[in-house]
Amino acid sequence: MVKKLLLTAFIIILATSTIAVAEINNDAKLMYNRGVDFYRQGQYTEAVGAFQQAIALDANYIDAYYNLGVVYEQMDQDAEALGIFKQIMVRKPTDYEAVYNAANLSFRLGQTDNAKQYLSIIPPTSPVITKAQQLALAMNTDLQTIQAEQKAKLEAERPKIPQTSGSYGNIISPTGVTTDKNGNVYVASFSNNSITKITPAGERKIYVKSPKLNGPMGMVADDSGNLYVANYNIDNIVKITPSGVITQVLGHVIKPYCLHLDGGLLFISSQGGNSVIRYKL
């Protein structure tokens, strides 16, 4: 971990013309380099203050967070170090070195479940995978087991649609129906050009109502929470992201009716074309 700190300092001091460094606040870089100097001199308290000031000047200064976490570890302040590496994970989820450090610190703090949760998100292609495997072995398990356990845990905790018979009333001209992996039900309203969302708890709201919906019929959801909708009246298929952005996926589909998703393939029944279209997303 110290190696990254010194290497990062070297890059920041000597390569200030690079795009990534140019985006960092200049005053933040000065405080960062001051923190590195303090660290080299063994003045850890002063290094902490300098890195904290660098972060205050540039809240997304990942290297400053990282090195602050390193210094906290050197001072045996594991809880504070863990908090810093978690801040990195919020800002840059793919920084798997920070994820590994969070797992290692959690284990040292006796938070084994949290450590396993962090390890489970490290991909096999990450440079820290060997260290992650070693940490898993220290927990008397392995990464494959941890990942399987975490997947099962998430599935068990995920909200589910009540496994009983029932109905959802007061929906205007309902047509297409689909569900997502979080147990939400989506119902298309053909004449109202809208989609209603019903949560596992039964709460409902108009999820989408837009001019880009016109005679919605079949719907299907993918694992990322995107909805695909067949617009019967305007002969196209649209995609609705979880944030509500609507874009056309495929046009000139004559009277699209039903949709089915299989991996990366979208199947569309074209009632007006007497055919089924297979479309690679």
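Is the crossing of H7 and H9 left-handed or right-handed? In this predicted model, the crossing of H7 and H9 is left-handed. The report below begins with the confidence of the prediction and then treats the helices and the sheets.

## Confidence of the model

The structure is a predicted model. Its pLDDT averages 90 over the protein, and 92% of the residues score at least 70. Residues 1-22 have a pLDDT below 50, and in the model this stretch makes 39 contacts beyond near neighbours in sequence. Where pLDDT is low, the predicted coordinates should not be read in detail.

## Helices H4 and H5

Two packed helices are described by the angle between their axes and the distance between the axes. For helix H4 (residues 44-57) and helix H5 (residues 62-74), the axes come within 9 Å and cross at roughly 155°. An angle over 145 degrees counts as roughly antiparallel, and H4 and H5 are therefore roughly antiparallel to each other. The crossing in which H4 passes H5 is left-handed.

On the H4 side, the residues in contact are Tyr44, Ala47, Val48, Phe51, Gln52, Ala54 and Ile55. They meet Ala64, Tyr65, Asn67, Leu68, Val71, Tyr72 and Gln74 of H5. Sorted by class, this contact has 11 nonpolar residues, three polar residues and no charged residues.

## Helices H7 and H9

Helix H7 (residues 96-108) and helix H9 (residues 129-138) have axes that come within 10 Å and cross at roughly 20°. Because angles under 35 degrees count as roughly parallel, H7 is roughly parallel to H9. As stated at the outset, the crossing of H7 and H9 is left-handed.

H7 contributes Tyr100, Ala103, Asn104 and Phe107 to the contact, while H9 contributes Lys131, Ala132, Leu135 and Ala138. By class, the contact of H7 with H9 comprises six nonpolar residues, one polar residue and one charged residue.

## The sheet of strands S1 to S4

Strands in the order S1-S2-S3-S4 form an open sheet of four strands with antiparallel pairing. Its edge strands, each of which pairs on one side only, are strand S1 (174-179) and S4. From one strand to the next, the twist averages 25°.

Within this sheet, strand S2 (residues 185-189) and S3 run antiparallel and are joined by five bridges. Valine 185 has isoleucine 198 in S3 as its bridge partner. Strand S3 (residues 194-198) also pairs with strand S4 (residues 204-209), in the antiparallel sense and over five bridges. Here the bridge partner of isoleucine 198 is arginine 204 in S4. S3 and S4 form a hairpin with five residues between them, and glycine 202 in the turn has a positive phi of about 95°.

## The sheet of strands S5 to S8

Another open sheet of four strands has the order S5-S6-S7-S8, and its pairing is antiparallel. Strand S5 (216-221) and strand S8 (246-251) are the edge strands, each pairing on one side only. The twist in this sheet averages 25° from one strand to the next.

Strand S6 (residues 227-231) pairs with strand S7 (residues 236-240) in the antiparallel sense over five bridges. Valine 229 has valine 238 in S7 as its bridge partner.

Notes
Residues are numbered from 1 along each chain as its sequence is written. This is a predicted model: local features need pLDDT of at least 70, side-chain atom pairs count only at pLDDT 80 or more; totals for chains, interfaces and linings use all residues. Side-chain values use heavy atoms; hydrogens and water are left out. Two strands pair if DSSP finds at least two bridges between them. Helices (H or I, at least four residues) and strands (E, at least two) are DSSP runs, numbered from the N terminus. Axes are lines fitted to C-alpha atoms, for helices over the stretch in contact, and angles run from 0 to 180 degrees between N-to-C directions. Angles under 35 degrees count as roughly parallel, over 145 as roughly antiparallel, 65 to 115 as roughly perpendicular and the rest as oblique. A crossing is left-handed if the near helix is turned anticlockwise from the far one by less than a right angle, and right-handed if clockwise. Contact means heavy atoms within 4.5 Å. Ala, Val, Leu, Ile, Met, Phe, Trp, Tyr, Cys and Pro count as nonpolar, Asp, Glu, Lys and Arg as charged, and the others, Gly among them, as polar. pLDDT is the predictor's confidence in each residue, from 0 to 100.
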